[in-house]
Amino acid sequence: MQPWPLAYFQDATIPEGAKIIIFHGHPEPHEAIQGITHKWYRPVRPTQWVADYWRA
């Protein structure tokens, strides 16, 4: 995820060289896909690459 305030304007990206992405707490993968956040100061834009790679 991008740091504040860039998270309002830039999508989350896959870190270069990443082989495993871990979701700890919120947003959970299904929330990241939809752009749902539980904290006003931690915005999440809808993230298509999570939908492309996530397997439940």
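The model is predicted, so local features need pLDDT of at least 70 and side-chain atom pairs pLDDT 80 or more, while totals for chains, interfaces and linings use all residues. Residues are numbered from 1 along each chain as its sequence is written, and side-chain values use heavy atoms, without hydrogens and water.

**Exercise 1. Determine where Val44 is placed and which residues it touches.**

Solution. Step 1: Val44 belongs to the loop between α1 and α2 (helices are DSSP runs of H or I with at least four residues, strands runs of E with at least two, numbered from the N terminus).
Step 1: Leaving out residues up to four places away in sequence, Val44 touches Met1, Pro27, Ala32, Gly35, Ile36 and Thr37 (contact means heavy atoms within 4.5 Å).
Step 2: For Val44 and His26, 18 residues apart in sequence, the C-alpha to C-alpha distance is 9.9 Å.

**Exercise 2. Is Pro43 buried or exposed, and which residues does it touch?**

Solution. Step 1: Pro43 is also in the loop between α1 and α2.
Step 1: Its relative accessible area is 12%, so Pro43 is buried.
Step 2: Beyond residues up to four places away in sequence, Pro43 touches Met1, Trp4, Ala7, Tyr8 and Thr37.
Step 3: Pro43 and Met1 are 42 residues apart along the chain, and 9.1 Å separates their C-alpha atoms.

**Exercise 3. Describe the surroundings of Thr47.**

Solution. Step 1: Thr47 lies in the loop between α1 (29–34) and α2 (48–53).
Step 1: The relative accessibility of Thr47 is 4%, so Thr47 counts as buried.
Step 2: Not counting residues up to four places away in sequence, Thr47 touches Ala12, Ala32 and Ile33.
Step 3: The C-alpha atoms of Thr47 and Ile33 are 4.8 Å apart in space, although the two residues are 14 apart in sequence.

**Exercise 4. Which kind of peptide bond joins His26 and Pro27, and which residues are in contact with His26?**

Solution. Step 1: The bond is cis, with omega about 5 degrees.
Step 1: Apart from neighbours within four places in sequence, His26 is in contact with Glu31 and His38.
Step 2: His26 and Thr37 are eleven residues apart along the chain, with 7.3 Å between their C-alpha atoms.

**Exercise 5. How many aromatic pairs does a search of the whole structure find?**

Solution. Step 1: The search finds one (rings of Phe, Tyr and Trp, the last by its six-membered ring, pair if their centres lie within 6.5 Å; planes under 30 degrees apart are stacked, over 60 edge-to-face and the rest tilted).
Step 1: The ring centres of Tyr8 and Phe9 are 6.4 Å apart and the planes stand at 55 degrees, so this pair is tilted.
Step 2: Tyr8 is partly exposed at 36% relative accessible area, whereas Phe9, at 63%, counts as exposed.

**Exercise 6. Why is the chain as compact as a globular protein of its length?**

Solution. Step 1: The chain has two helices and zero strands.
Step 1: Its radius of gyration is 11 Å, close to the 10 Å that the globule rule gives for 56 residues, so the chain is as compact as a globular protein of that length (the radius is taken over C-alpha atoms; the rule is 2.2 Å times the number of residues to the power 0.38).
Step 2: Along the principal axes, the C-alpha atoms fill a box of roughly 30 × 25 × 20 Å.
Step 3: Of the 56 residues, 21% count as buried.
Step 4: Among contacts with a separation of 6 or more, 47% come from residues 24 or more positions apart.

Methods:
Buried < 20%, exposed > 50% of the residue type's maximum accessible area, 1.4 Å probe, protein only.
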